[in-house]
Amino acid sequence: MHPLLTKETGKKFLLLGNEAIVRGALEAGVAFATTYPGTPASEIGDAFFRIARESDLYFEYSTNEKVALETAAGAASSGVRTICSMKHVGLNVAADPLMTLAYIGVRGGMVIVTADDPSMFSSQNEQDNRFYARLSSLPMLEPASCQEAKEMAREAFEISEALELPVILRTTTRLNHCRGIVTIGPLKPPENKGAFEKIPSRFVTVPATARVRHRVLLDQEEKARDMAVKSLFNTLTGEGPWGIAASGIAFNYVADAIKDLGIEDKVRVLKLGFTYPFPDVLAEEFIRSAEKILVVEELEPFLEENLKVTAYTNSLSTPISGKGPGLFSRLYEYNPGMVREVIARFFGVDYTRPESIDIKEDGQQVQLPIRPPNLCAGCPHRATYLAVKTALKETQTEAIFPTDIGCYTLGILPPLECADFLICMGSSVTSAAGISKATGKKVIAFIGDSTFFHSGITGLINAVHNKHNFILIILDNGTTAMTGHQPHPGVEVAPQEWDKPSISIEAVVRACGVENVAVVNPLNLAKTRKAVKEALGSNSLSVIISKALCPLYERRVLGKKTKRLFEVGPECNTDCTECIDTFACPALYKNPDPHGTTTMIIDENLCIGCGLCIQFCRKIRPVKVSRKETLNG
Amino acid sequence: MDKYRIYLTGVGGQGTLLATVVLAESAIYAGYNVVASEVHGMAQRGGVVESTVMIGDIKSSIISDGEADVLLGFEPLETYRAIRKCSAGSVVVSNTVPVIPYGVAIGKGSYPDVDKLLDFIGSKVKRLITIDAQVLAQQAGAVLSANMAMLGALAKSGALPVPKEAFEETIRTKTKASFVETNLRAFELGLASQ
């Protein structure tokens, strides 16, 4: 049984924030879950994926976030409790349905989880998705702890059904990937059979309907504001002349700082969890009770501006500060020490920051070698990039490389350097069209298989229709690798329990109207290079599908064992380091022993036997696997 | 109640995240409140993996510079890189076995002298404990158990209020059944190593 299906009510478990959200939804009887994977939200979908196999819950990995939200909206309008999770930028993709779904509302409770990523641990921006609540007029909850994440996920369904509106559950990376103690509540069995009631005057947003529904939405928004004012997720605690308002993860830093600074008897804290609609009545009471107020929230001054509006509306002149020089930044995530220091400075509390050890005091150290993430040994993406680089070199061609979002974005690193432009999912195909048209230069765009299904297809149709001229290389490794090997519509090789049909990328590409289509195995260097050269010579839109399974996926999900390895022969005793200078497989390294018999060495613990290196260096040859499988397994 | 902030750092593949969970669960077993935090995403791709465990009355799940009570470093260069998290009062437990960064492996830059790295740390913190976790794990029967040897050394240090029995119980109940024996052996070897 999946651990999140436990019936041990009242027992405490150490749960990941994302697991707590899933449990909360299960305790609300969620029956329908959709997602498109994206860090830091991925574990939500992954848990539902496994849970759906052993319960009446329906779950799907949808092709993108817009599809996920609309699919969930269909189920919710039929009265089924649904949850739809995504990373913050995913909500941009789903913004179109979000805005009008707010007009028609839902019948079954619906929760939309958006996972923001302050500091951009694994994202292309750090936008503050709380503004989506304001933009859409939808209620929003922001948990500060794992326990609260579970409570809010459950309660969000009740709020959603009471208002007949979707509810946004907004998290940040530090909540999603925090582990905390959660007390388990009773499970509610999912009711997965809905009924769709035909009410065109509500659900079909022709202008006449939309005009009516916008008014309904604004009425519901005011009801939601009353709920926010009374919500137990919004609390006013402590007594004293100073005021601190905080939400989300930042609240934890505030709570610890107040204790650390010993100012418990001086501060009143407004902790906001139900943050939109803004609980103005509660905020007014808070403002009236404080001499001066500090607002602690990561990213944008969302609460700060709302507090200032509340103060202005009530003719209160209490100083309210948050973002600004010497205070908090709109950039990056916060940390406990920083929050403690700003609180001390703002309220004039004596405080000395703990002295940390500085390696600059270590006279011996100049520069520490860095450890950037890298494409794995045996990764077929590296092989494709090598084929492209050598084809360009041999034809003396320069090219511009729009790329996309996935493991292959790591192709930005030297020596591959196959990434010149990237803004969002799917932007490789479309920006390639613009760059090639504007410059007349050769453009080679890279997109992954899951990203192609997510948002590459419409761009490709556009490129065919508008006669754009570039090369698109679809890096098809048979899985959504970066986010943890989730399946996608093109999956052909899958574990037995995966029983869904596979949609052929080649057939889709041809159906889009592309005439020059090649399918290659990137681990065959000569054939891949030849395909790239042909595409370079064709002077029309070409698509190369570079197809080889992700080796991590093969090992972990499919259980494949390494059968052969490679080693460097004794003739490798020259100054030649071409293999690492051009290919840079992490299994290849320079012999640290200056008297060693070979210049290069292949790390047998990292080599997976892809056989790419022997295709460009004759000094490398295969060896039988003799070591224990555990080393590589 | 006392508070303890533990910072864990290592390289993808070293099992730091499992060690994080085992440490957190052990502290819970010993009766403490716990919050932990992990950075996901790049772990498989040779990058640095950092995580934290807070024991006691703490809500914040991350650690600011100078505020770690204990630093558990699974790789000496990463222990050194993370030393900003420590102060003069910190206890550091570090593995001595390097994982060579790729840049160094291909001849760009050099790996610093491990003894010098550790000497600097030793001169700055309250206590430095070093172990060869790889050798201990091999003695235990699997290199993958090096993370458990690290926890053994941590338990022995006495820097945390978590008794060894709590670790042993957690290893028995929370690590993969087929690895429990090896993991326990590695933990005991770490415990006996100082």
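Student: How many helices and strands does chain A have?

Tutor: Chain A has 21 helices and 23 strands. Here helices (H or I, at least four residues) and strands (E, at least two) are DSSP runs, numbered from the N terminus. The radius of gyration of chain A is 28 Å, close to the 26 Å that the globule rule gives for 633 residues, so chain A is as compact as a globular protein of that length. That radius is taken over C-alpha atoms, and the rule is 2.2 Å times the number of residues to the power 0.38.

Student: What should I know about the model and its labels before we go on?

Tutor: This is a predicted model: local features need pLDDT of at least 70, side-chain atom pairs count only at pLDDT 80 or more, and totals for chains, interfaces and linings use all residues. Residues are numbered from 1 along each chain as its sequence is written, while chains are lettered from A and ligands numbered from 1 in the order in which they are written.

Student: What share of the residues of chain A count as buried?

Tutor: First the rule: a residue is buried if 20 or more other C-beta atoms lie within 10 Å of its own, exposed if 12 or fewer, and partly exposed in between, with C-beta atoms placed from the backbone. By that count, 52% of the 633 residues of chain A are buried. Have a look at helix α1 (residues 17–27) of chain A, where 11 of its 11 residues are buried. Among them are A:Ile21, A:Val22 and A:Leu26, along with A:Glu19 and A:Arg23. After α1(A) comes A:Gly29, with a positive phi near 75°.

Student: How do I read a sheet, and what is the strand order of the open one in chain A?

Tutor: Strands of a sheet pair through backbone hydrogen bonds, either parallel or antiparallel. Two strands count as paired if DSSP finds at least two bridges between them. In chain A, an open sheet of 5 strands has the order β15-β16-β17-β19-β18, with parallel pairing. β15 (399–400) and β18 (516–520) of chain A are at the edges with a single partner strand each, so one side of each has no neighbour in the sheet. For one pairing, follow β18(A) to β19 (542–547) of chain A: they run parallel and are joined by 5 bridges. A:Val519 is opposite A:Ile545 there.

Student: Which helices lie across these strands?

Tutor: Helix α15 (residues 380–394) of chain A lies across β15, β16 (442–448), β17 (471–476) and β19 of chain A, at about 155° to β17(A). Helix α17 (residues 449–465) of chain A lies across β16 and β17 of chain A, at about 135° to β16(A). For these angles, axes are lines fitted to C-alpha atoms, for helices over the stretch in contact, and angles run from 0 to 180 degrees between N-to-C directions.

Student: How many residues does each chain give to the contact between A and B?

Tutor: Two residues are in contact if their C-beta atoms, placed from the backbone, lie within 7 Å. Chain A gives 45 residues and chain B gives 49 residues. On the side of chain A, the elements that give two or more residues are β8 (178–183), α11 (249–261), α14 (336–347) and β21 (588–590). One of these, β8(A), is joined by 3 bridges to strand β2 (residues 34–38) of chain B, and the two run antiparallel. A:Cys178 is opposite B:Ser37 in that pairing.

Student: What is chain B itself like?

Tutor: Chain B has 8 helices and 6 strands, and 60% of its 194 residues are buried. Its C-alpha trace spans about 50 × 35 × 35 Å along its principal axes.

Student: Which backbone values are worth a look?

Tutor: Most residues other than glycine have a negative phi, and most peptide bonds are trans. The bond from A:Thr39 to A:Pro40 is cis, with omega near 10°, and A:Pro40 lies in the loop between β2 (32–35) and α2 (42–52) of chain A. Another cis bond joins A:Pro414 and A:Pro415, with omega about 5°.

Student: Is A:Ala584 buried or exposed?

Tutor: A:Ala584 counts as buried because it has 21 C-beta neighbours inside 10 Å. Its phi is positive, near 60°. A:Tyr332 also has a positive phi, of about 60°, and with 13 C-beta neighbours inside 10 Å A:Tyr332 counts as partly exposed.
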